[in-house]
Each structure stands twice: as C-alpha cells, then as structure tokens.
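Please walk through this model with me, one element at a time.

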Amino acid sequence: MARSLISMGAADDTVDVERFGNDLQSIFKRMQSMQSTVVIDSTNPGSPSLTLSENDEEEITKIVIDIVNAAEANGLKLPREFGLLTKQALYFDRYLKSLAPNLDVMNDPRIKLAGQA
C-alpha cells in the first residue's frame with residue numbers, strides 16, 4: 001500500500017517505504033483487533049438505534065489520529081475530508097463486525113461491485 005500511495009503521487013518521492021509500510025501495518029493490525037461493544041436500543045420499535053461504547057469511540061479516535069500522524073511522518077498529503085471519511089469507515093466496520101460477524105462483504109453474492117454484471 002505504501003508503494004501504491006507513493007506511485008500515485010500522494011506522498012513525497014523521498015519516503016522511507018519500509019518505515020511507511022510498517023506504520024500502516026501497525027495501524028491496520030490495531031483496526032482488525034478492535035472488539036466493539038454495540039448497544040441496541042429497541043425502546044422505540046419503529047426506529048431502533050445502535051450506539052458504540054465510549055471506549056470504542058476513544059479507540060476509533062486514536063486510530064484516526066495515528067493515521068494522520070503516520071501520514072505526516074511519512075510525507076503523505078491528506079485532503080481535509082480524509083479524517084471524516086476514515087472515521088465513518090471505521091464506524092461502519094465496527095457495526096458490521098458486531099451485527100454480522102460472519103459476513104464477507106467482498107464475497108457476498110448480494111453485493112455487486114463496479115464492473116460486475
């Protein structure tokens with residue numbers, strides 16, 4: 001991934017690819033090891049709500065900060081919207097793991113990616 005970001009021009013040419021790759025790998029491992037606590041509030045049957053625990057919120061925020069720090073340390077240029085988009089993706093991933101732990105999104109026959117018939 002580090003090499004791809006560099007080749008796309010998203011990072012300086014002078015980036016230490018090994019260090020950048022290690023930084024990314026460390027962050028991804030933390031993301032994958034997160035265990036979320038989701039509370040389902042069904043007091044209103046018409047619109048149940050899902051809530052992450054406070055610890056999960058803090059862990060997600062730490063991961064987003066680590067991503068930004070790794071980007072800055074390795075000369076990666078992030079758009080402003082990156083933080084919001086990343087945080088939403090992490091929330092979605094946590095909900096997906098909690099509500100459908102066996103779902104493999106990339107291989108689910110109900111999901112069609114661009115270019116698939």
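Helices (H or I, at least four residues) and strands (E, at least two) are DSSP runs, numbered from the N terminus. This is a predicted model, in which local features need pLDDT of at least 70, side-chain atom pairs count only at pLDDT 80 or more, and totals for chains, interfaces and linings use all residues. Residues are numbered from 1 along each chain as its sequence is written, and side-chain values use heavy atoms, with hydrogens and water left out.

Start with the overall layout. The chain has four helices and two strands. Read from the N terminus, the order is α-α-β-β-α-α. Burial is judged by relative accessible area: buried is under 20%, exposed is over 50%, and partly exposed lies in between (1.4 Å probe, protein chains only). By that rule, 24% of the 117 residues of the chain count as buried.

Now take helix H2. The expected span of a helix is 1.5 Å times one less than its number of residues. For the 17 residues of H2 that gives 24 Å, and the end C-alpha atoms are 24 Å apart, so the two values agree. Which residues of H2 are buried? They are Phe 20, Leu 24, Ile 27 and Met 31. Seen down the axis of H2, these buried residues fall within an arc of 65 degrees, so they line one face of the helix. The arc is taken over the directions from the helix axis to the C-beta atoms. An α-helix has 3.6 residues a turn, so residues three or four places apart point the same way. On the other side of H2, Glu 18, Lys 29 and Gln 32 are exposed.

Glu 18 has its place in helix H2. Its relative accessibility is 59%, so Glu 18 counts as exposed. Glu 18 and Ala 2 are 16 residues apart in sequence, with 8.3 Å between their C-alpha atoms. Gln 25 also sits in helix H2. Its relative accessible area is 42%, which makes Gln 25 partly exposed. Between Gln 25 and Ala 2 there are 9.7 Å, C-alpha to C-alpha, at 23 residues apart in sequence.

Next comes the charged pair. A salt bridge is a side-chain nitrogen of Lys or Arg within 4 Å of a carboxyl oxygen of Asp or Glu. Side chains of opposite charge can pair when their charged atoms come close. How many salt bridges does the structure hold? It holds one. Arg 30 forms a salt bridge with Asp 66, and the closest N and O atoms are 2.0 Å apart. The pair links distant parts of the chain: Arg 30 is in helix H2 (residues 17-33), Asp 66 is in helix H3 (residues 54-73), and they are 36 residues apart. Arg 30 counts as partly exposed, at 26% relative accessibility. Asp 66 counts as partly exposed too, at 27%.

Buried in H4 are Thr 86, Leu 90, Tyr 91, Arg 94 and Leu 96. Gly 83 has its place in helix H4. At a relative accessible area of 24%, Gly 83 is partly exposed. The C-alpha atoms of Gly 83 and Thr 61 are separated by 9.7 Å, and the two residues are 22 apart along the chain.

The last stop is the largest pocket. Rolling a probe the size of a water molecule over the atoms shows where empty space is left. On a 1 Å grid over the protein atoms alone, a pocket is an open set of points where a 1.4 Å probe fits, with protein on both sides within 12 Å along at least five of seven lines; lining residues have an atom within 4 Å of a point. The largest pocket is lined by 19 residues, and Met 1, Phe 28, Ile 67, Phe 82 and Thr 86 lie nearest its centre. H2, H3 and helix H4 (82-99) each supply at least two residues of this lining. The largest share, five residues, comes from H2. Phe 28 lies in helix H2. At 35% relative accessibility, Phe 28 counts as partly exposed. Phe 28 and Ile 67 are 39 residues apart in sequence and 9.5 Å apart in space, C-alpha to C-alpha.
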